[in-house]
Number of protein chains: 2
Amino acid sequence: MRPFTHPAVEDITLEGILHALSDPERMAIYGCLLNAEAAQSCANFQKINDRTVPKSTLSQHFRVLREAGLIRSERRGVEMLNTSRRTEIDKRFPGLVDALVAAWCRQAGKSAAGRKRGRRARA
Amino acid sequence: MRPFTHPAVEDITLEGILHALSDPERMAIYGCLLNAEAAQSCANFQKINDRTVPKSTLSQHFRVLREAGLIRSERRGVEMLNTSRRTEIDKRFPGLVDALVAAWCRQAGKSAAGRKRGRRARA
DNA sequence: TCCCGTAGTTCGCGAATTATGAACTAACGG
DNA sequence: CCGTTAGTTCATAATTCGCGAACTACGGGA
């Protein structure tokens, strides 16, 4: 099992980011990681959008996100802890993540959720 | 030859846009259309980035951009005139195009060129 | 120490997508 | 009509993707 490869900030490409996020499941994962308070294990995403994502597919999704430079993954015991590399991306492409998330929320009919201390929709 | 299909604004998806622009040649085409003063024919893009793009491939690129809702194509005599659907996209996903173009320019080392009456680089 | 369960990775291969040369179509201009 | 220009469609080779099955890594008992 080869160790993970995380690209350096300056090697992150727009192309890679767009490709990674052009898959709705990956976008959902990334969106979650963005407004998660703590690192998330892969297992937390076995269900996305009412679909059960096969383990191997999930693993690929994380690999694509990782190699695009969007997330950082680190082994912690038996699980992988994933966090977004948001501040780094913001440095390289200021405003990009914001715009993507905003568009994603708008399409899903959500208001730009979670950014400010996750106010929850009322029942 | 079937007539072109342009999605309605409300049918434009983020997924489609990201997929379309995750190809550097398509991003280059779209970037050009964005700050072109007049509609551009496909033939203007037979060379992208020092590569000669085959006609059939070019045609596909334009189809992908069109079906993603990013551009509008219309036959004018023997050629196709292409324009960006920017204002429509801006309505659906405010700020998205700006952010994408900014990121693209930044990666190419250009300053956000052309927006205001295409000032030309000096020789 | 050895075995087990959990979490995730890698392999392999069928399915889907993409790239592109070749053939085709549409719109003019003589 | 014929030729030219501009672009589309078709066929197929090459690439990428999705996912089940097998594998690896780690931690926890007994």
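1. Around DNA strand C there are 20 residues, of which Ala43(A), Ser56(A), Ser59(A), Ser56(B) and Gly77(B) come nearest; a residue is near a strand if its C-beta atom, placed from the backbone, lies within 6 Å of it. The model is predicted: local features need pLDDT of at least 70, side-chain atom pairs count only at pLDDT 80 or more, and totals for chains, interfaces and linings use all residues. Residues are numbered from 1 along each chain as its sequence is written, and chains are lettered from A in the order in which they are written.

2. Helix 3 of chain A gives the most to the surface near DNA strand C, with four residues. By class, this surface has nine nonpolar, seven polar and four charged residues (Ala, Val, Leu, Ile, Met, Phe, Trp, Tyr, Cys and Pro count as nonpolar, Asp, Glu, Lys and Arg as charged, and the others, Gly among them, as polar).

3. Within chain B, the axes of helix 2 (residues 24-34) and helix 3 (residues 55-67) come within 10 Å and cross at roughly 70°. Helix 2 of chain B is therefore roughly perpendicular to helix 3 of chain B (the term covers angles of 65 to 115 degrees). Axes are lines fitted to C-alpha atoms, for helices over the stretch in contact, and angles run from 0 to 180 degrees between N-to-C directions. Helices are DSSP runs (H or I, at least four residues), numbered from the N terminus.

4. In this pair, Glu25(B), Arg26(B), Ile29(B) and Tyr30(B) of helix 2 meet His61(B), Val64(B) and Leu65(B) of helix 3; contact requires C-beta atoms, placed from the backbone, to lie within 7 Å. The residues of this contact divide into four nonpolar, one polar and two charged.

Note on methods. Helix = DSSP H or I, 4+ residues; strand = E, 2+ residues; numbered from the N terminus. Parallel < 35°, antiparallel > 145°, perpendicular 65-115°, else oblique. Contact = placed C-beta atoms within 7 Å.
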